[in-house]
Amino acid sequence: MGIAKEIEQKLASAFAPQLLEVVDDSEAHRGHAGFQEGGESHFNVKIVSEAFKGQSRLARHRAVHAAIGPELIARIHALALDISDGG
């Protein structure tokens, strides 16, 4: 299973989102630090879930990182997050 799919499954399980998009943006970073042939090094994630209601931006980012887990986070170079509670 690819990293994007792993991220998607972990976030879907943790937050039951109304919207979840995980995009492998690695090719746009060819020649930059952290790029690896075959992709799966740079990701953009957009997630909308009521689970984030009342949380600060920092708390939301921490929750997403915790849900993805340190093992998976260690396998990627960059993770851009767009997190919303849908409100």
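**Notebook: helices, strands and core**

I started with α2. Its buried residues pack against α1 (3-15), α3 (70-73) and β3 (78-84). I took contact as heavy atoms within 4.5 Å. Buried is under 20% relative accessible area, exposed over 50%, partly exposed in between (1.4 Å probe, protein chains only). Helices (H or I, at least four residues) and strands (E, at least two) are DSSP runs, numbered from the N terminus.

The model is predicted: local features need pLDDT of at least 70, side-chain atom pairs need 80 or more, and totals for chains, interfaces and linings use all residues. Residues are numbered from 1 along each chain as its sequence is written, and side-chain values use heavy atoms, without hydrogens or water.

**Entry: overall layout**

I listed the elements next. The protein has 3 helices and 3 strands. Along the sequence they follow the pattern α-β-β-α-α-β. Of the 87 residues, 32% count as buried. I also looked up how far apart in sequence the contacts reach. Among contacts between residues at least 6 apart, 61% join residues at least 24 apart.

**Entry: helix α2**

Back to α2, residues 57-68. The helix has 12 residues and reaches 17 Å from its first C-alpha to its last, close to the 16 Å expected. The expected span is 1.5 Å times one less than the number of residues.

Which residues of α2 are buried? I found Arg60, Val64 and Ile68. They cover an arc of only 70° around the axis, which puts them on the same side of α2. The arc is that of the directions from the helix axis to the C-beta atoms. An α-helix has 3.6 residues a turn, so residues three or four places apart point the same way. On the face turned away from the buried side I found the exposed residues Arg62 and Ala66. Gly69 follows α2, and its phi is positive, near 90°.

**Entry: helix α1**

I ran the same checks on α1. Its 13 residues should span 18 Å at 1.5 Å a residue, and its end C-alpha atoms are 18 Å apart, which agrees. The buried residues here are Ile3, Ala4, Glu6, Ile7, Leu11 and Phe15. They cover an arc of only 160° around the axis, which puts them on the same side of α1. They pack against β1, β2, α2 and α3. Just after α1, Ala16 takes a positive phi of about 40°.

**Entry: Phe15 and Ser49**

I picked out Phe15, which is found in α1. Phe15 is buried, with a relative accessible area of 12%. Leaving out residues up to four places away in sequence, Phe15 touches Ile47, Ser49, Ala51, Phe52, Ala63, Val64 and Ala67. Phe15 and Ala67 are 52 residues apart along the chain, yet their C-alpha atoms are separated by 8.7 Å.

Then Ser49. Where does Ser49 lie? I placed Ser49 in the loop between β2 (42-48) and α2. Ser49 is buried, with a relative accessible area of 1%. A polar atom of the Ser49 side chain lies 2.6 Å from the backbone oxygen of Phe15. Neighbours within four places aside, Ser49 is in contact with Phe15, Ala16, Pro17, Gln18, Ser84 and Asp85.

**Entry: strands**

I followed the strand pairing. Two strands pair if DSSP finds at least two bridges between them. Strand β1 (residues 19-24) and β2 pair in the antiparallel sense over 6 bridges. Glu21 stands opposite Lys46 in β2. β2 and β3 pair in the parallel sense over 7 bridges. Here Asn44 stands opposite Ala80 in β3.

Why do I call β2 largely enclosed by the rest of the structure? Because 5 of the 7 residues of β2 are buried.

**Entry: nonpolar core**

Last, the core. A nonpolar core is a set of buried Ala, Val, Leu, Ile, Met, Phe, Trp, Tyr and Cys residues joined through side-chain atoms within 4.5 Å. How many residues has the largest one? I read 17 residues, and those with the most contacts inside it are Ile7, Leu11, Phe43, Val45, Val64, Ile68 and Leu79. The elements that give two or more residues to this core are α1, β2, α2 and β3. α1 gives the most, with 5 residues.

I checked Ile7 by itself. Ile7 touches Val22, Phe43, Val45, Ile68 and Leu72, not counting residues up to four places away in sequence. In soluble globular proteins, nonpolar side chains tend to be buried together.

Notes: Polar contact = N/O pair within 3.5 Å; in protein donor to acceptor, adjacent residues only side chain to side chain.
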